[in-house]
Amino acid sequence: MDEGPVAATRDAFAYLELLAREAPAAHFDEPLLHVPPVPGADATAEGHGATSHRARQLAREIRGNVERQQRRDMGSTALLDVAREFLASHGVDELLRLTCRRARTLLSLDIAYLCLYDQKTDSHVVKAVDGHSSDLTPGFVVPPGAGLANPATRRAAPVWTQDYLADARINHSASIDEVVRAEGLRAIIAVPLGGNGTNFGVLYAGHRTVRHFSPEEAALLGTLSEMAAAALENAGLLDEVRAETTARATEAVRIGEELRSVRRLAEGQAALMERTLDGSSLPQLLATAGDLLGGSVLLADAAGRTVVGHGAAEAQPAPEAFTAAALAARATDAPVLSAPGVWIAPIRGADDRLGHLVLHRAEPPTAEDAGLLRLCGQAVALLVRPGAATEETVLREELAEALLVGGEWIGQRLIAHGRTVGLDFTAPFVVVAARPVAGLTDRALAWAAAYTRDHGGLRVRIDDHLVLLLPGEDPAEAARTVEAFARGMGSPATVGAAGPVTEGPGALPAMYDRSVRCLGTLTALGATGKAASAQQLGPVMTLLSHERDVDGFIRATIGPVLEFDARRSADLAVTLEAYYAAGGSPTRAARRLYLHPNTVSRRLDRITELLGPQWQDLTAGLDIQLALRLHRTRESLAPCPGSADR
């Protein structure tokens, strides 16, 4: 066998051995030491030398490929570690600092800093820095149009320079150049956060010597920036959720306290009214009030002398102090201190001849206590004035019926008749129609009489509902207070209201008809036991005066969307409302919902799958918007969980 081929084969095996044991690059010249020099050698030796040189070249290329693959594997492993750190991090600030630290260590650089875009100033602001030694601190503003930010954002790809200050291609800025000099930076690379042409932010990394960034290094930082952008977006959403959760928890505590207060008032009202309706005496009623308030409650006359009450032997304040406190209490409609531990409260809806309530208690009465005292005053008024109320009842009911549904009295005679029962028809009135859930029982008639007497109004029974004519200008507030009063009396009712009437008694029949239609609309919506005014229901009331199959219309129009929301908690109905409110713009809808436009687009695609492509037609869109309005109205009027138990 010729020596040349044998030697070449031997050299090739030598390079394979070097590759196998991962020898350093300097060792790859050793096999060539045994190759004779080419000049003056025979043809065989010359062929041997060329083959050995080619073997060394191939071996170096193989080793270079292996090293590049190893670097890629190391980069992938490092990115996997970064992903784990991102998942374990808490809050946006921590993510920003972690991103800078990882960007610096991944490429063994001297410094890394991250800027986020500020729409107000149209510039990038430094939010986190790692490895700095100068005045480059969070809050530094990168001037618009300067540095590497614009090229990186415009290209949606990394942009770098091996020597920043000497690079004439860069649009230099004095403030940026000053920071670069202070840090002693030479090579700088800028990577946009997220890519896709968005101006979310820029990640910078720099070195204090001239350095060329390889495509692999640029790709590694690009992947890190995409991961950071996704993590920052999720962290921002998480912070929003946490803030909203905290706010809702605080609101829940407040609502819980209000509910406890309302429940206490409702229970107190029910107890007092129970005493009033079951034939209890005035001392028994006042004793019940004292138990509710944790003290003793007395009834005193206009001069401050005790008329009756539990604990009547207790000392009363001086007459002068009592009179002053009584006047202040009636003016403010709140308990007033007249002596240590003695509080005077007015009896609402009554004149001074009925006297005042006197509460003996060391602690000042709270707002709830003041409410209980007002309820006690109402109950006392009912018991103290039974004869007068009985004689007026028939007259008031006849007057109310004549005013609301027409009668023989008209014009000045009707107005004069109203004055005899204390009504002023020159003031505004609202009309309230109430249908008790349990029907027109004696309890329902009693609370209606008590309420109208206390508020200076009229009430009458018509068909299956009660009608209350009340002084006032706010029908929504009147409906809410009547519903709350009825519920507190143990006789919940559905309440509709309309008004105000300011043109005199002649406009009352039309307003009564409107309040009854409001009551019918609430019933059609399934809002039994709830209250609303005609103005609140708006066009829904007009629609339901003819169309009563609300459930069928909603199911036929947006049923698949509501069913999908119920199964997946997907908020498709909320997205539809925002889409229509934004004039059919997914981008503006996303801003309304604080979501990414892509999320809104995906939801709209799902809606198309559920409702079909025709949902965006004009006619279908009107039906959908009406169905959404009906659904939202019915949801807002739906009974609260557990309300049936209260």
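User: What is a salt bridge in this predicted model?

Analyst: In this predicted model, the term is set by a distance between two kinds of side-chain atom. One is a side-chain nitrogen of Lys or Arg, and the other is a carboxyl oxygen of Asp or Glu. The nitrogen must lie within 4 Å of the oxygen.

User: Which residue forms a salt bridge with glutamate 183?

Analyst: Glutamate 183 belongs to helix H5 (residues 174-183), and its partner sits in the loop between E6 and helix H6 (215-277), 25 residues apart. The closest N and O atoms are 2.8 Å apart, and the cut-off is within 4 Å. The partner is arginine 208.

User: How many residues apart in sequence are the parts tied together by arginine 264 and glutamate 368?

Analyst: These two side chains meet in a salt bridge of 3.3 Å, N to O. Arginine 264 counts as partly exposed at 26% relative accessibility, and glutamate 368 does so at 25%. Because arginine 264 lies in helix H6 and glutamate 368 in helix H9 (residues 367-384), the parts tied together are separated by 104 residues.

User: In which helix do glutamate 477 and arginine 480 both lie?

Analyst: The two residues form a salt bridge, with the closest N and O atoms 2.6 Å apart. Glutamate 477 is partly exposed at 35%, as is arginine 480 at 41%. They are three residues apart, about one turn of the helix, and both lie in H13.

User: Which strands stand at the edges of the open sheet of five strands?

Analyst: The order of this sheet is E13-E14-E12-E15-E16, with mixed pairing. An edge strand here has a single partner strand, so one side is left without a neighbour in the sheet. The edge strands are E13 (458-462) and E16 (531-533).

User: Which residue in E14 stands opposite valine 460?

Analyst: E13 and E14 (residues 465-471) run antiparallel and are joined by five bridges. Within this pairing, the residue opposite valine 460 is valine 467.

User: What angle does the direction of helix H13 make with that of E15?

Analyst: Helix H13 (residues 475-488) packs on the sheet and touches E12, E14, E15 and E16. Its direction, compared with that of E15, gives an angle of about 150 degrees.

User: How many of the residues of strand E5 are buried?

Analyst: On one side of E5, Ala187, Ile189 and Val191 are buried. For the strand, residues 187-192, the count is six of six.

User: What is the bridge partner of isoleucine 188 in E6?

Analyst: E5 pairs with strand E6 (residues 201-207) in the antiparallel sense over six bridges. E5 is also joined to strand E4 (residues 159-161), where tryptophan 160 stands opposite isoleucine 189. On the E6 side, the partner of isoleucine 188 is glycine 206.

User: How many disulfides does the count give?

Analyst: A disulfide needs two cysteine sulfur atoms within 2.5 Å. The sulfur of cysteine 115 has its closest cysteine sulfur in cysteine 100, 8.5 Å away, and so is too far for a bond. Cysteine 115 is buried, with a relative accessible area of 0%. The count of disulfides is zero.

Definitions and conventions:
Residues are numbered from 1 along each chain as its sequence is written. This is a predicted model: local features need pLDDT of at least 70, side-chain atom pairs count only at pLDDT 80 or more; totals for chains, interfaces and linings use all residues. Side-chain values use heavy atoms; hydrogens and water are left out. Buried means under 20% relative accessible area, exposed over 50%, partly exposed in between (1.4 Å probe, protein chains only). Helices (H or I, at least four residues) and strands (E, at least two) are DSSP runs, numbered from the N terminus. Two strands pair if DSSP finds at least two bridges between them. Contact means heavy atoms within 4.5 Å. Axes are lines fitted to C-alpha atoms, for helices over the stretch in contact, and angles run from 0 to 180 degrees between N-to-C directions.
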